[in-house]
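The following questions and answers are meant to be read with the structure in view. Please keep it open while working through them.

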Amino acid sequence: MSMHHLNVIKKETFSLETLSIGGRLMVRFTGSGHADAAPLLERCLKGVDEEAARLACSEIVVDFQQLYFMNSSCLKAFVSWIYRLHAAAKPARVRFMSNARLRWQESSLGALGRLAPEIVTIEAIES
Amino acid sequence: MEAAAGVEPILRVDLLLCPGAVASVALLVADCCVARIHDADASRRLHLAAFELVENAVKYSSGRLARVELELETRSDDERWLTLRVHNEADADRLEEIARRFTGLRPPSDAIDHYDRLIVEAASKPIGLSGLGLARIRAEGGLELDCAVDGRSLTVTARARIRPEVNPSILPSCSDRKGLAPGRPSEMPRGAPR
């Protein structure tokens, strides 16, 4: 299966990658999402919107397995993104891959799930 | 033997407010929780609270300094609380905004309902303004929140009840320990980006 990096942002405390894997989109957020990550995350997710439309994606995977923490500004970036996707005529589904050991993810992703249960699923991965 | 009722200071830090301080102080608070009470869940909840409260202080304080305090309160064998306080200075507009936010955070408002409502409101706010931090501490961390204003001085308090099965009275205090407890409360491996 072919994999292409569409966008990569690497900073000291976090990295954001957007990948196309066999025609599907994946966003991988790793490290720690602090205040400095939020504007870059927001911009990255806008780029994902455009790619999802171009590729006519029905599902976008967001990989949080190595995301150790994110603050409420980063959470808000995902809130806006999901809200935007949900409002689309034919919304793509979002599947979060979470790390079952990182307990904060369960509650934070739970909040995102309640925002748009029709399009958001959460898959807790045991590592 | 019943634990003596009282308040035990665990941590007091005076810090110069800068973005780089947020993650470090939050991890310090979390590490102290694990070292003192060996409760990773309480530690995780206090880490979230410390992160959001110190970040708020960095963003909105009118002064350059803040004080962070953590203490363990024992009321009885079955009732212990961890209390985190963040003190900083704020201007009149911020104090008014805080008072408004706390109106929605106090009972009888339901923590999850209130948080979910703010999440919907946050969707259309500009970058950097989530307005979610306090509600997140309450809903995701399950902490009680309060605030006190004295002149231009603001103190925000977050309190977590410790699970009854965790008995800190039989554990060594922070000062008795040479190093931090294994297993970081934030589940962050050492060496991971902060």
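Q: How many bridges join β1(B) to strand β2 of chain B?
A: In this predicted model, residues are numbered from 1 along each chain as written, chains are lettered from A and ligands numbered from 1 in written order. Local features need pLDDT of at least 70 and side-chain atom pairs pLDDT 80 or more, while totals for chains, interfaces and linings use all residues. Strands are DSSP runs of E with at least two residues, helices are runs of H or I with at least four, both numbered from the N terminus, and two strands pair if DSSP finds at least two bridges between them. β1(B) and β2(B) (residues 65–76) run antiparallel, and the number of bridges joining them is 10.

Q: Which helix supplies the largest share of the side of chain B that touches chain A?
A: 27 residues of chain B are in contact (C-beta atoms, placed from the backbone, within 7 Å) with 30 residues of chain A. Helices α1 (19–37), α2 (40–60), α4 (111–122) and α5 (133–141) of chain B each supply at least two residues of that side. The largest share, 5 residues, comes from α2(B).

Key:
Two residues are in contact if their C-beta atoms, placed from the backbone, lie within 7 Å.
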